[in-house]
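Good morning, and thank you for the time.

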Amino acid sequence: MMDCTRVNWEALDALIIDFVSSENLVVEEEADANSSPSPSSSSSPPCISSSSYHARLIIRRIRNSIESGEIQKAIDILRSHAPFVLDDHRILFRLQKQKFIELLRKGRDEDRAAAIHCLRTCVAPSALDAYPEAYEEFKHLLLALIYDKDDQTSPVANEWAEKRRYEMAGVMSSILRASLQAYDPLFSMTLRYLISIHKGFCFHQGISSAVSDLTHRLLLEERDPPATPLESMYEAPPFDEVDIQALAHAVELTRQGAVDSMKFAKGDLFQAFQNELCRMQLDVSVLDELVKEYCIYRGIVESEMQMITGPVKRNQFEVAHRLSRHCSAEIDLNTSQHSDVEDNSMLDGSHVNDEEMSSKEGGEVGYGSEPTNVSEDCSNSWSNKGENTRALVRIRSHMNCESNKRKRWRGRVDETDRLPDPSFSKSETGIEDKYEIALALKELVSRGMVAEAVCEISAMDSDFFTQNPSLHFHLKQVEFLKLVSAGDHNGALKVACSHLGPLAAKDQSLLKTMKETLLVLLQPDNENTTGKDLPLNDLANTLQVSVGNRLGIEEPQLMKIIRATLHSHTEWFKLQMCKDRFSNLLKIDSLKDVNTDLIGAIRSRSNKENNTNLSSQLTTTSSSTMTSDDGGSSSLMMTTQTSSREALWEESAILKVMEFLALSRSDAIQLLSQYNGNAEAVIQQLFG
């Protein structure tokens, strides 16, 4: 399945940093191992508190104890950390029943005696207060004393089944998560939701998924059993049907299942949604490997080689830096001189092959397509370890720093850190420098130092921009805007004549952008902020992927999953003809918020500065309009991503058909369109 969805990788970075910090998977390079983890930047969302992490550890210990048959150990942990759970006699009775079975399962005489003692002192008393059917269940349980555990035809075969352990462990996990507010990190829940929608969309449309193998390994089919609402909630007031249907379709529940989930959450839709998401089971080992690969690629954590070499690696860069001083002045660090060097040495590289340009798609998405196949004709400079090291020193010298501080991967270990395997081959060491080059170039562009980045890339691979003309155009566009901002109109025109013009002449889709870029020259001299605060993150990320592919670095699998699932999410809610009620909660809107329009950003900032009062009035009017109906949620669903056909039918009619026929929103709307919006006619026709 092909998609053209662009992703805000900076937003994903923030979610990942929150995830690895919340799960204690990383440690700061120079931080005390006993200190609480924290994100690396203030732009990241706040990490889940240490108490939440502690609560999740408790839940994990209880779950593992029950799954391994150590019921008394689980009860002891509950008494120490969550005694209120045992106040529910239903839960206590089920635990005591399982404890009795596990004692019998051991088969020794002393364990049999302990099982009978458990019956007298624990199971029988708790059966009296649990629920009306409990005493009958207690008498049925006695049959386990005379039927063997291996007898599959016995009336208590289900009591002996080990799957009972996993069912109980799942129920306990569901109850404890909600009671202790110990939900999984946001990224974990977002990933569950996106993958489940992706699977449903592919099945509904009858299409195959390019990431199906990964998603099936990552998101398991099993779910934890739902937590049972308290008896006091059985007569709960009716919930809003909009909320019930939203929950049922979001996490694939029956209507009654959604009602029960709302009861357990005491009517809180978003808490019920989180409860249901956390019931979905992820393969944690697969998830951790995907996250680790992504973190290394994005420079969030140190690579395996950096973990081992530490100061030795830094010393190598210092030696290379000293050696580079004796080399001929390959790069002039002055930005204006960079432009001159590029104009003379890269003019030939700006002439793009006609056949390559004609093979591009007619419409450009963002900053151009990112290569999916690793180039087979990499220049020698890309694969030369010594040259890569020298290039890396030069690139970092532009930023006046070696690299950003990174976290060290720790993994899910409770006692001591697991050291990485020190057996690295020369090829793996070479890959290390290539990762660093791609990251350093991304950092240069994100800081607006595009002239330096272009010059370094061209020095290493003169064919790179011939194969990535759209990316070259947008890098030169940033350089043009920065020169205009600095008042160097002659330098800006030189960049336009030498690069923007020839590139746009080869690709007609770039002509409109070039014209809008040239209009910036007409901006008054006193408004010289053109090149400041440009949305460069997406351009920098595109460059990282393109350079990585050229260097032989494969894109992380997690990036492929996120790109595919976000595309499915967008298409699915187009079919449903409504807005996703939960996308903001899970930061899905942030992941899709990609700004690639440099000129638009300049205009937006200019309008904001020149029309502050008008902008404020418009914002106030817009806000009041959006929140005028029922707090805004219902009207927003009806006004966002809707078709003209949907607007013809009342929301109550759509919900009625969805409820009675257990249909999706889009199917309900299609049926209503056949009966002129009459819900009763639809239902009567199908049941009549």
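**An enclosed helix and its surroundings**

Helix α14, residues 269–279, is largely enclosed by the rest of the structure, because ten of its eleven residues are buried. Buried here means under 20% relative accessible area, exposed means over 50%, and partly exposed lies in between, with a 1.4 Å probe and protein chains only. Helices are DSSP runs of H or I of at least four residues, strands are runs of E of at least two, and both are numbered from the N terminus.

Before going further, the sources. This is a predicted model, in which local features need pLDDT of at least 70 and side-chain atom pairs count only at pLDDT 80 or more, while totals for chains, interfaces and linings use all residues. Residues are numbered from 1 along each chain as its sequence is written, and side-chain values use heavy atoms, with hydrogens and water left out.

Of its 688 residues, 50% count as buried. The accessible surface comes to about 33300 Å², and 50% of that belongs to carbon and sulfur atoms; these areas come from the Shrake-Rupley method with a 1.4 Å probe, and for residues only the protein chains shown count as cover. Among contacts with a separation of 6 or more, 76% are between residues 24 or more positions apart.

Next, the cores. A nonpolar core is a set of buried Ala, Val, Leu, Ile, Met, Phe, Trp, Tyr and Cys residues joined through side-chain atoms within 4.5 Å. The largest has 136 residues, and I16, F187, Y193, V291 and L441 have the most contacts inside it. Helix α10, residues 186–205, gives the most to this core, with nine residues. Apart from it lies another core of 18 residues, among them L119, V123, F138 and A144.

Leaving aside neighbours within four places in sequence, I16 is in contact with F187, V291, Y294, C295, I300 and L558. Helix α1, residues 9–22, packs on α10 at an angle of about 120 degrees, with the axes 7 Å apart. That makes α1 oblique to α10. In this pairing, L12, L15, I16, D18 and F19 of α1 meet L186, F187 and S188 of α10. Axes are lines fitted to C-alpha atoms, for helices over the stretch in contact, and angles run from 0 to 180 degrees between N-to-C directions. Angles under 35 degrees count as roughly parallel, over 145 as roughly antiparallel, 65 to 115 as roughly perpendicular, and the rest as oblique.

A second pair is α25 (residues 469–485) with α27 (residues 511–518), at about 10 degrees and with axes 11 Å apart. α25 is therefore roughly parallel to α27. F473, Q477, F480 and L481 of α25 make the contact with T513, M514, T517 and L518 of α27.

Beyond four places in sequence, K99 is in contact with I71, Q72 and C118.

Now the backbone. Most residues other than glycine have a negative phi. Q181, in the loop between α9 (163–180) and α10, has a positive phi near 55 degrees and is partly exposed at 43%. K587 has a positive phi of about 65 degrees, lies in the loop between α29 (557–576) and α30 (588–592), and is partly exposed at 36%.

Finally, confidence. pLDDT is the predictor's confidence in each residue, from 0 to 100. The protein averages 77, and 70% of the residues score at least 70. Over residues 415–427 pLDDT stays under 50, and the model has 13 contacts beyond four places in sequence for them. Residues 612–647 are also below 50, with 35 contacts beyond near neighbours in sequence.

Note on methods
Contact = heavy atoms within 4.5 Å.
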